Each structure stands twice: as C-alpha cells, then as structure tokens.
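Student: I have a structure open and want to learn how to read it. Can we go through it feature by feature?

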Amino acid sequence: MTMQWPNGKRVAVCLSWDVDGESAQYVRYPERARNQLSELHQRLYGPQVGIWKVLDLLKRYALPGTFYIPSYTAKLHPDMVEAILQDEHAVGLHGHLHHSLDQLTKAQEEEVLLKSQEIFQELTGAVPRIFRSPSWELNRWSPELLVQHGVVSDSSLMDDEAPYALKTPKGPLIEIPIQWLLDDAEHWNHHRANRDKAIADPDAVFRLWSTEFDGYYATGGCFVLTLHPFISGRWAYMNVLERLVKYILGFPDVWWTTLDEVTGFALDRLQQNELPIRQSPAPEPLDF
Ligand SMILES: [Zn+2]
C-alpha cells in the first residue's frame, strides 16, 4: 500500500529496537532463569553495552530511533531510558516481563498493560502512546484493550508494508506493520539452547535488508527494522546496520522517522479519510 508521505518523501524508514534485556527469560524459560545465570547475563549485554553503541551510531548519523522497552527493563536501567529520551528518540510500551500475550488471560493482559504504563509514568512523567507486543503476538481482544487504555498504535502485525487503521469496538488502532525477515533475532539470536542453529552470514543479512529496502522505496512503504541491543549490539552486526544506514542515505527523499511520528502522521491521514481501514480475519472461516 503506497502512502503519500510528508514533504514529498518517497519512503519512511524506522530503525527500531526492542530493548528486552533478560526480561523474557523469566517467563519463557523460568527454570533456566533460575539455574542458568549465563544466559541472563548474555541478555544483560543489551541494556548494559549494546544500547550505548546504538545511541552512538544514531548520534553520529543524526538519525532518530524508536525503542520499545519492557517496563521491568526500564525500571532496572533508568539511566538508559533517560539517555534515550535525552537524545529525543521515541519510546514505546513492550509489556512488563515480555509475556507473549497469547499466554495471558484478558485480565492478566490488562494488568500487565496498566503496570507497564504506571512504571513509565513514574520513571519519565509520561506514558508512551505506541506499543509493540512482546514476541509479536496479540490476542483477539488485544487491539480493543490497547485502544481502551489510550494506546494509539501497535507494531506487531505483518499484513502490509505501510500503516493502516485496525477496527476495534473501542475505535481504530493504528497498525505499523513489521516482518520476521527484518528482525535481527531471526538471523543472529544465538545462545546455548539453540547452538545447532547456524549464525547467519552478516553479508547475506545486509543483502536481504537492502533488497527489502529497495522494494519499500520503489513502492512507498514504511520500512521498519526491528533490532535487539543484546543481539545485534555486537560489532559484526552493528557493522551491517551501519552499512545499511549508509546504503539508505544514498537515496533521495527518505523520511527517517520514528514509529511515534508515523503514528501521528497516520492518525492525521485517518482523520482525512486517507488511511486504509481494516478488520481482523474472522475466528472461523466465513461461509460463502
Ligand atoms: Zn521483545
């Protein structure tokens, strides 16, 4: 779906990071979290080391970034949150302990959402209006629940290459689509439990991402790259990101932006009836 981007720009580019830290380990593999200290420390590399390399790269190229942070990680690393906001990047909600939402009841999901909002309010004096679901999974009720609690956009679904409005009983939720292909974890998340999985060749990942960008540029999409400081904060992978940044900088009329700005832009388009409005597929096949 082609968008008319602001100021005649041809494509929107959002570099985004999910700063998970060790949060997911506690709910995904609780027994390993209790017994395997090394994996928790591997994940701590993100908020302790990787994030600072990321912020440095963004500063050197004067680019905006978007950071989705589980509120547990934010609370443990307030200096990191402060630095991200100091550099005027966008911050989004990403659960508390990174529960995959399909593992939660509606009441539990609501409790986690409210808790994450409260923690950001306490830490930063404001509640982020953008959300990305941990592990990119949503329950059927999630879009409505998000709208009910003031969230304006989600970035977890994969059915388009540009923003649209998802219908919910409480009003529209702006959806800014993503893709596994454009996620560093699929290529490089390597730890003791998956050592049989080969680490992707950084050059091959650069070719994938730059070729995807070519397509988004040709058709006017919103290119959203999803990275994790504990994974691609390593030098070999930061190098791929820097090569990609330089590659995209070679194109004219690129809107380097944040998911928060794209949310605002999409809302404006929606008010002018210029944003596609969709609804989720039926729970059972329709009877034609
Ligand atoms: Zn995450």
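Student: By class, how many nonpolar, polar and charged residues does the lining of the largest pocket have?

Tutor: First, a caution: this is a predicted model. The general idea comes next. Rolling a probe the size of a water molecule over the atoms shows where empty space is left. Now the case here. The lining of the largest pocket has seven nonpolar, four polar and six charged residues. The volume of this pocket is about 480 Å³. It is lined by 17 residues, and Arg140, Pro143, Leu166, Ser280 and Pro281 are the closest to its centre.

Student: Which helix and which strand each supply at least two residues of that lining?

Tutor: Helix 7 and strand 6 (164-166) do.

Student: What is the volume of the second largest pocket, and which residues lie nearest its centre?

Tutor: The second largest pocket has a volume of about 400 Å³. Its lining counts 23 residues. Nearest its centre lie Arg28, Ser135, Ala185, Glu186 and Asn189. Helix 1, helix 8 (184-188) and helix 10 (229-232) each give at least two residues to the lining. By class, that lining splits into seven nonpolar, nine polar and seven charged residues.

Student: On to the metal. Which atoms coordinate the zinc ion?

Tutor: Start with the ideal. Ideal angles at a metal are 109.5 degrees for four tetrahedral donors. Here the zinc ion is coordinated by Asp20 (OD), Asp20 (OD), His94 (NE2) and His98 (NE2), at 2.1 to 2.4 Å. The angles among the four donor atoms run from 54 to 140 degrees, and the site is irregular. Along the chain, the donors follow the spacing D-x73-H-x3-H.

Student: Why does the pair of aspartate 20 and histidine 94 tie together parts that are apart in sequence?

Tutor: Look at where each one sits. Aspartate 20 is in the loop between strand 1 and helix 1 (23-28), and histidine 94 is in the loop between strand 3 (90-93) and helix 6, so the pair ties together parts 74 residues apart in sequence.

Student: Are aspartate 20 and histidine 94 buried or exposed?

Tutor: Both are buried.

Student: Last, the strands. Which residues of strand 9 point one way, and which the other way?

Tutor: Here is the rule. In a regular strand the side chains alternate between the two faces of the sheet. In strand 9 (residues 254-257), Val254 and Trp256 point one way, while Trp255 and Thr257 point the other way. All are buried. Strand 3 can be read likewise: Ala90 and Gly92 go one way, Val91 and Leu93 the other way, and all are buried.

Student: In which sense do strand 1 and strand 9 pair?

Tutor: Strand 1 (residues 11-18) and strand 9 pair in the parallel sense, over four bridges. Valine 11 has valine 254 as its bridge partner in strand 9. Strand 2 (residues 66-69) and strand 3 also pair in the parallel sense, over four bridges. There, tyrosine 68 stands opposite glycine 92.

Notes:
Residues are numbered from 1 along each chain as its sequence is written. This is a predicted model: local features need pLDDT of at least 70, side-chain atom pairs count only at pLDDT 80 or more; totals for chains, interfaces and linings use all residues. Side-chain values use heavy atoms; hydrogens and water are left out. Buried means under 20% relative accessible area, exposed over 50%, partly exposed in between (1.4 Å probe, protein chains only). Two strands pair if DSSP finds at least two bridges between them. Donors are N, O and S atoms within 2.8 Å of the metal (3.2 Å for Na, K and Ca); water is not among the atoms, so sites may look incomplete. Four donors count as tetrahedral if all angles lie between 85 and 135 degrees; four count as square planar and six as octahedral if opposite donors are over 155 degrees apart and all others between 65 and 115; anything else is irregular. On a 1 Å grid over the protein atoms alone, a cavity is a set of points where a 1.4 Å probe fits but cannot get out, and a pocket is an open set with protein on both sides within 12 Å along at least five of seven lines; lining residues have an atom within 4 Å of a point. Grid points are joined across faces, edges and corners, and a volume is the space filled by probe spheres set on the points. Ala, Val, Leu, Ile, Met, Phe, Trp, Tyr, Cys and Pro count as nonpolar, Asp, Glu, Lys and Arg as charged, and the others, Gly among them, as polar.
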